[in-house]
Amino acid sequence: MRTEELLYYLMTTIFCAEFFPQVLIFTQKKKLSIAKSHHQNPHVFRCSSSYSESKNTSNYRSPQRGNKVISTENNNRPPNPHLPFYKDFKETHFTKLLHRSCKAGNYDEGLYLLECMMNSGHKADVILCTKLIKGFFNSKSVDKAVKVMDILETYGEPDIFAYNAYISGLCKVNRIDSANGVLSRMRARGFSPDIVTYNILIGSLCNRGKLDLALKMLDQLMDDRCLPTVITYTILIEATILEGGIGEAMKLFDEILSRGLKPDMYTYNTVIRGMCREGLMDEAFDFVRSLTSRNCKPDVISYNILLRALLNQGKWDDGAELINEMFSNRCEFNVVTYSIMISALCREGQLDEAINLLKIMIDEGLTPDTYTFDPLISALCREGRLDLAIAFLDYMISSGCFPDIVNYNTILSALCKNGKSEEAMEVFSKLDESGCPPDVSTYNTMVSALWNNGDRIRAYRLLSDMFTKGISPDGITYNSLISCLCREGMVDGAIELLGDMRKIGFLPTVVTYNIVLLGLCKAHRIGGAVLMLEEMVEKGCRPNETSYVLLVEGIGFAGWRVEAMELANTLCERSVISNQSLRRLDRTFPVVDVYGSFVQTEIKS
């Protein structure tokens with residue numbers, strides 16, 4: 001026996017004895033046959049008789065549908081008094097292994113064990129199958145989750161919890177039609193959807209902007225004599241605020257009260273957020289103060305919503321009053337409260353005050369998170385205080401708050417803008433090992449920086465690396481590349497890239513077209529610029545003021561000043577460009593009359 005076979009045999013026998021020692025009485029009559037899977041797990045085995053090899057071993061991994069179960073064990077085996085007990089133990093063994101696989105997150109191994117159980121004639125355990133379904137959906141292995149449910153429906157008895165987990169997973173991957181099909185299968189098996197089922201479907205529809213279908217689902221819910229809960233209405237209120245406004249949402253809130261349901265703080269905070277979103281601050285404050293009459297007390301989330309809205313509007317005095325009210329109501333600040341104030345101070349350029357507030361927050365025993373540090377790092381980078389920004393990044397890491405890719409992108413962008421592309425490349429090269437892989441924004445920043453520094457070879461290498469890692473370019477990627485090509489005078493290459501952009505489904509924006517217009521005008525290709533403007537309109541992209549100003553400047557710099565200013569005046573008369581733009585163009589392209597005097601364009605006030 002080879003060393004590898006001996007090792008497999010010893011590990012399998014020891015593991016087998018650990019779970020069912022009575023199996024050892026069969027060791028002289030039986031041989032162990034390792035069932036090697038793609039996991040190469042020596043603990044997964046089958047015990048086959050030396051005189052009863054199954055004829056259907058080719059179907060071992062693929063259980064057939066129906067009442068007949070494919071098994072690797074020979075049904076003609078001579079009766080043995082120990083066999084029923086052994087079979088029970090084998091099922092327990094498989095169940096323990098399957099449970100262990102689910103707990104460890106080894107869902108592929110769990111599916112393999114489930115298939116082995118079915119081949120051995122055992123029943124699918126609904127709890128373990130539900131865990132597998134959730135695990136596969138969480139790991140984006142949708143087909144395998146579907147396979148587990150198929151096995152459960154064929155060889156087991158699914159319950160409402162299994163169906164709800166399955167429907168939830170389908171909704172998360174945008175398979176709404178499949179989820180609705182599961183509802184029909186549930187009813188066929190005698191299960192009625194419960195409120196959890198409906199809440200999952202309504203929530204999924206609302207998340208995809210299909211409020212009208214979600215409201216129809218609410219009607220279907222009631223037709224099925226299933227009573228909506230506060231959660232049902234809160235989901236609908238959130239969606240209605242986004243699509244129909246707070247006025248329509250309040251009708252649903254009133255419906256909650258008319259049904260005798262008691263809203264919870266999540267519902268109240270959703271309404272407060274909706275009012276603040278529309279700038280109805282007085283109504284929001286009145287609503288918060290009415291909560292005491294509803295036997296409910298505003299929490300820190302309620303105050304944070306109000307505080308964020310006030311500081312976003314620059315109402316610092318009102319914000320200070322609100323903070324005093326929080327103190328008087330013994331509502332303690334949390335990390336979000338401090339983060340809101342720090343972010344507002346950074347926007348106002350009061351960086352030192354923001355840093356002092358961060359120190360107070362830490363002294364209070366609160367741990368800042370990435371949302372706390374992000375505005376500080378962004379503000380420091382904007383002001384060119386890169387050393388301090390990087391120091392904050394180091395502090396985050398040392399205190400156990402690991403920066404996310406947004407923090408790194410902010411630092412990288414600032415380094416590149418300050419001409420420190422080599423330092424940026426050094427940070428970029430360490431992103432993977434720091435557990436924060438670069439995203440498309442990271443690549444956009446670095447490619448533009450390298451190109452602008454004349455290092456096209458490394459820029460191309462980064463693009464190749466980006467595609468190799470499966471990171472898809474976005475509109476900014478294309479805009480950056482088109483801009484780089486135009487600046488280098490490679491306008492034809494930019495136009496070709498514009499066409500490629502459309503072919504793969506990215507619609508060029510007015511910014512994209514303006515970049516190409518600028519490139520054409522700089523190359524004095526005025527005819528091409530006019531054609532590009534026409535193409536914009538044909539493709540449904542409306543030119544803006546910058547588009548027309550670029551064309552006028554192109555005509556003027558090409559030597560046709562009079563024609564340029566005539567076009568500018570016409571555009572201004574039609575309110576296509578502003579008086580301010582016309583004045584600037586008039587200074588750039590002064591027109592000389594026949595007597596040698598400069599003619600100033602008459603600009604209407």
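How many disulfides does the structure hold? It holds 0, where a disulfide is a pair of cysteine sulfur atoms within 2.5 Å.

This is a predicted model, in which local features need pLDDT of at least 70 and side-chain atom pairs count only at pLDDT 80 or more, while totals for chains, interfaces and linings use all residues. Residues are numbered from 1 along each chain as its sequence is written, and side-chain values use heavy atoms, without hydrogens and water.

**Cysteines.** Select Cys486 and Cys484. The sulfur of Cys486 has its closest cysteine sulfur in Cys484, 9.5 Å away, which is too far for a bond. Cys486 is also buried, at 9% relative accessibility; buried means under 20% relative accessible area and exposed over 50%, with partly exposed in between (1.4 Å probe, protein chains only). Cys401, next, is buried with a relative accessible area of 9%.

**Helix H27.** Select residues 526-538, helix H27, which has 13 residues. Helices are DSSP runs of H or I, at least four residues, numbered from the N terminus. From first C-alpha to last, H27 reaches 19 Å, close to the 18 Å expected at 1.5 Å a residue, the expected span being 1.5 Å times one less than the number of residues. Now colour Ile526, Ala529, Met532, Leu533 and Met536 of H27, which are buried. They lie on the same side of H27 because they cover an arc of only 115° around the axis, taken from the directions from the helix axis to the C-beta atoms. On the other side of H27, look for Leu531 and Glu538, which are exposed.

How values were computed
Helix = DSSP H or I, 4+ residues; strand = E, 2+ residues; numbered from the N terminus.
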